[in-house]
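Welcome! Let us walk through this structure together, from the overall picture down to single residues.

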Amino acid sequence: MTGSTRSNIERRILALRKALDHHNYCYYVLDAPEIPDSEYDRLFRELQELEQAHPDLITQDSPTQRVGASPVSEFGEIRHEIPMLSLDNAFSEDEVREFDRRVRERLEHEQAVDYAAEPKMDGLAISLRYENGLLVSAATRGDGTTGEDVTHNVRTVQSVPLRLVGSGYPALLEVRGEVYMSKADFDKLNAAAAKRGDKLFANPRNAAAGSLRQLDPRVTASRRLSFYAYGVGRVEPDTLPSRHSLILRQLREWGCPVSKYVRTVEGVEGCLAYHREMAQRRAELPYEIDGVVYKVDRLDQQRELGFVARAPRWALAHKFPAEEQMTRLRAVEFQVGRTGALTPVARLEPVFVGGVTVSNATLHNMDEVERKDIRVGDTVIVRRAGDVIPEVVGVVIAKRPAGAKRVHLPKTCPECGSEVIRPEGEAVARCTGGLFCSAQRKESLRHFASRRAMDIEGMGEKLVEELVDEKLLASPVDIYTLKSHAAELKQREGWGEKSVAKLLEAIETSKRTTLTRFLIALGIPNVGETTAADLAVHFGNLEALQVAASDYEKQRTALHRLSPGELEKRLAELELRQIPGIGPTVAEQLGAFFHQAGNRTVIDGLRNAGVHWPEMAPSAGRADGSLAGKTLVLTGTLAGMTRDEAKQRIQALGGKVTGSVSRKTDYVIAGSEPGSKLADAQKLGVTVLDEAGFERLLAG
């Protein structure tokens with residue numbers, strides 16, 4: 001081949017790629033195709049033939065390379081440098097008005113706030129990482145911190161640009177959005193499945209999620225998924241516009257599809273009008289939506305509002321009204337949860353509600369069953385709102401058959417046969433079997449090892465269930481004796497030297513934790529992340545908490561003959577009740593938990609096994625701490641402590657840790673490989689401390 005011939009081929013390949021990228025942009029982003037599908041196919045085949053003849057000219061971003069990766073045996077993990085947060089939900093206009101009121105109060109802003117409003121796609125959240133305009137990775141939301149690596153599958157989604165178009169994009173850009181399946185493609189998929197005699201997908205969302213999580217990307221490619229962008233994650237350098245709506249416009253110019261229904265509205269009335277409009281349009285849209293999303297449009301206002309728990313204060317999902325259907329209640333069964341709570345579950349004649357077929361629904365508790373007078377054989381109304389678990393909301397009394405049977409709480413646990421008790425005045429009935437009950441044992445151990453608790457990687461639901469059944473696990477303490485069963489573990493199907501070593505290493509690593517995580521792991525009823533952190537900060541160490549809890553239980557038992565009002569008055573004076581947020585219910589649960597000998601034995605066993613955390617003085621976290629009234633932000637990796645330990649030490653000195661930098665931030669602590677928060681701090685003139693400076697700050 002002569003040099004001029006090769007040069008001509010290279011130019012033709014580049015021209016074809018440019019043309020195909022342009023037509024993809026017109027089709028998926030502008031929704032205005034310039035050529036028929038047949039012409040697009042002809043150009044694609046020509047490029048394909050040229051690349052096959054000259055494989056050395058194939059590049060990663062060529063339109064022909066969307067499908068080409070081999071199947072994988074499992075998905076890897078990708079850690080989100082900026083968490084993918086969930087949104088708080090609203091189901092009524094009053095809740096939206098309350099959200100707007102909170103926004104304006106926090107901003108000290110009397111005028112109407114500008115919001116970016118957009119449809120809430122019913123699909124799977126995804127994060128796309130572009131480096132110098134080239135797609136390099138894609139991850140699911142996962143738990144918000146870590147997601148599954150689905151890069152090969154996302155590359156098969158035609159509307160996801162393999163390379164950004166235009167110019168001016170940042171060197172690093174994380175585009176976040178939703179992968180979904182259109183109604184038409186969903187219908188085609190199910191029609192083909194029905195013809196083959198395969199199981200049908202329940203709804204487009206399940207079809208999209210299942211398709212994106214195929215180990216073979218060729219299967220994903222056959223499912224015709226689509227993508228819409230709704231925001232960004234990490235951006236470096238951050239040269240994006242100062243409003244969310246303008247960022248979406250910019251993403252669209254770079255080739256990322258954005259819903260044409262995105263709109264900027266003024267104030268809460270603008271939000272509600274948009275919601276009403278989209279509710280009317282819902283049936284005519286080519287894809288499923290389950291509501292709309294409002295986001296404060298100005299980014300500086302977003303930063304000032306910040307976050308609470310794992311949700312931003314500046315955004316809200318306004319769901320559409322729940323869908324309801326009627327069906328017959330066949331039976332009521334009782335499920336036993338992690339804390340021993342018995343939950344009545346309705347077994348229904350299958351009915352299609354809210355986009356899925358429902359055969360089970362929650363009845364919440366016996367108070368609800370009795371209040372609604374639900375009986376087996378009744379015709380009941382079933383509601384499903386978005387992703388909320390289906391529930392029985394009422395009975396059609398006019399359709400009640402003569403033989404309808406009342407529902408009674410079982411006297412013994414359906415799992416272990418232990419006595420079931422329902423304390424006076426409480427809606428929840430509980431099994432008294434504790435760890436003796438296999439249902440509680442498995443759930444407790446799953447919870448203990450979970451990411452938000454002891455974070456033992458590899459000890460998932462399936463492994464815990466199997467090890468309990470094989471009698472290798474009966475208590476959290478047994479997790480730390482699995483090393484002595486290494487030989488047995490290696491004999492398990494699919495296990496070997498490396499997998500066992502990895503699990504044992506994760507167990508060993510989990511021994512170093514924080515008091516907050518340990519309290520979460522114990523699974524004390526009504527003690528979640530926030531309450532656990534409050535307890536850890538207040539008491540500083542476990543022993544002080546145990547003493548206060550035991551004292552509360554002893555006093556409650558000794559004073560039980562007092563009138564309810566006098567008893568509450570006396571108990572409210574005890575230390576456990578002096579902690580903000582700890583009311584009588586949580587205090588009673590803490591007292592009962594730490595007073596029980598079996599629980600104390602488990603705790604002692606865990607401490608003897610080497611589980612430990614940084615200790616603090618019992619007076620930690622009070623208003624006179626050296627960081628009282630200060631707001632800190634953590635970014636990057638600290639060498640001397642984990643992120644949780646750093647957060648706990650700040651809280652112990654009265655400080656507050658937030659997830660975003662604003663003018664109200666006092667310090668930004670920057671470890672190695674800091675994220676965009678460091679740049680935010682430098683822009684706003686916030687004091688930045690390295691790890692050594694942070695240690696000096698903690699030392700006072």
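**A guided walk through the model**

At the start of helix α19, a side-chain oxygen of Asn 541 comes to within 3.3 Å of the backbone nitrogen of Glu 543. Please keep in mind as you look around that this is a predicted model. The helix itself, α19, runs over residues 542-558, which makes 17 residues. From its first C-alpha to its last, α19 reaches 24 Å, close to the 24 Å expected at 1.5 Å a residue.

Which residues of α19 are buried? They are Leu 542, Ala 544, Leu 545, Gln 546, Ala 548, Ala 549, Ser 550, Tyr 552 and Glu 553. These buried residues pack against five named partners: α17 (515-522), α18 (529-539), α20 (564-571), α21 (584-595) and α22 (597-608).

Now step back to see the whole chain. The protein chain contains 25 helices and 26 strands. Its C-alpha trace spans about 95 × 75 × 65 Å along the principal axes. For 700 residues, a compact globule would have a radius of gyration near 27 Å, and the 28 Å of the protein chain agrees with that. Of the 700 residues, 47% are buried. The accessible surface of the protein chain comes to about 34300 Å², and carbon and sulfur atoms account for 48% of it. Contacts also reach along the sequence: among those between residues at least 6 apart, 69% join residues at least 24 apart.

The structure holds nine aromatic pairs. One of them is formed by Tyr 180 and Tyr 287, an edge-to-face pair with 5.4 Å centre to centre and 65 degrees between the planes. Tyr 180 lies in strand β7 (residues 172-180) and Tyr 287 in the loop between α9 (267-281) and β10 (289-296), so this pair ties together parts that are 107 residues apart in sequence. Both Tyr 180 and Tyr 287 are buried. Another edge-to-face pair is made by Phe 448 and Tyr 480, with 6.5 Å centre to centre and 80 degrees between the planes. Here, too, distant parts of the chain are linked: Phe 448 is in helix α12 (residues 438-449), while Tyr 480 is in the loop between α14 (476-479) and α15 (486-490), 32 residues apart. Phe 448 counts as buried because its relative accessibility is 1%, and Tyr 480 is buried with a relative accessible area of 11%. Returning to Tyr 180 and Tyr 287, they form one aromatic cluster with Tyr 228.

Next, find Arg 223 in the loop between α7 (217-221) and β8 (226-236). Is Arg 223 buried or exposed? At 15% relative accessibility, Arg 223 counts as buried, since the cut-off for buried is under 20%. Its side chain makes a polar contact of 2.9 Å with the side chain of Ser 211. Not counting residues up to four places away in sequence, Arg 223 touches Met 181, Leu 189, Phe 201, Gly 210, Ser 211 and Gln 214.

Our last stop is Thr 140, in strand β5 (residues 134-140). Thr 140 is buried, with a relative accessible area of 6%. Its C-alpha atom is separated by 6.4 Å from that of Ser 127, 13 residues apart along the chain. Leaving aside neighbours within four places in sequence, Thr 140 is in contact with several residues, including His 80, Met 84, Leu 124, Ala 125 and Val 150.

Conventions:
Residues are numbered from 1 along each chain as its sequence is written. This is a predicted model: local features need pLDDT of at least 70, side-chain atom pairs count only at pLDDT 80 or more; totals for chains, interfaces and linings use all residues. Side-chain values use heavy atoms; hydrogens and water are left out. Helices (H or I, at least four residues) and strands (E, at least two) are DSSP runs, numbered from the N terminus. The expected span of a helix is 1.5 Å times one less than its number of residues. Buried means under 20% relative accessible area, exposed over 50%, partly exposed in between (1.4 Å probe, protein chains only). Contact means heavy atoms within 4.5 Å. A polar contact is a pair of N or O atoms within 3.5 Å; within protein, one must be able to donate a hydrogen and the other to accept it, and residues adjacent in sequence count only if both atoms are side-chain atoms. Rings of Phe, Tyr and Trp (its six-membered ring) pair if their centres lie within 6.5 Å; planes under 30 degrees apart count as stacked, over 60 as edge-to-face and the rest as tilted. The radius of gyration is taken over C-alpha atoms; the globule rule is 2.2 Å times the number of residues to the power 0.38. Accessible areas come from the Shrake-Rupley method with a 1.4 Å probe; for residues, only the protein chains shown count as cover.
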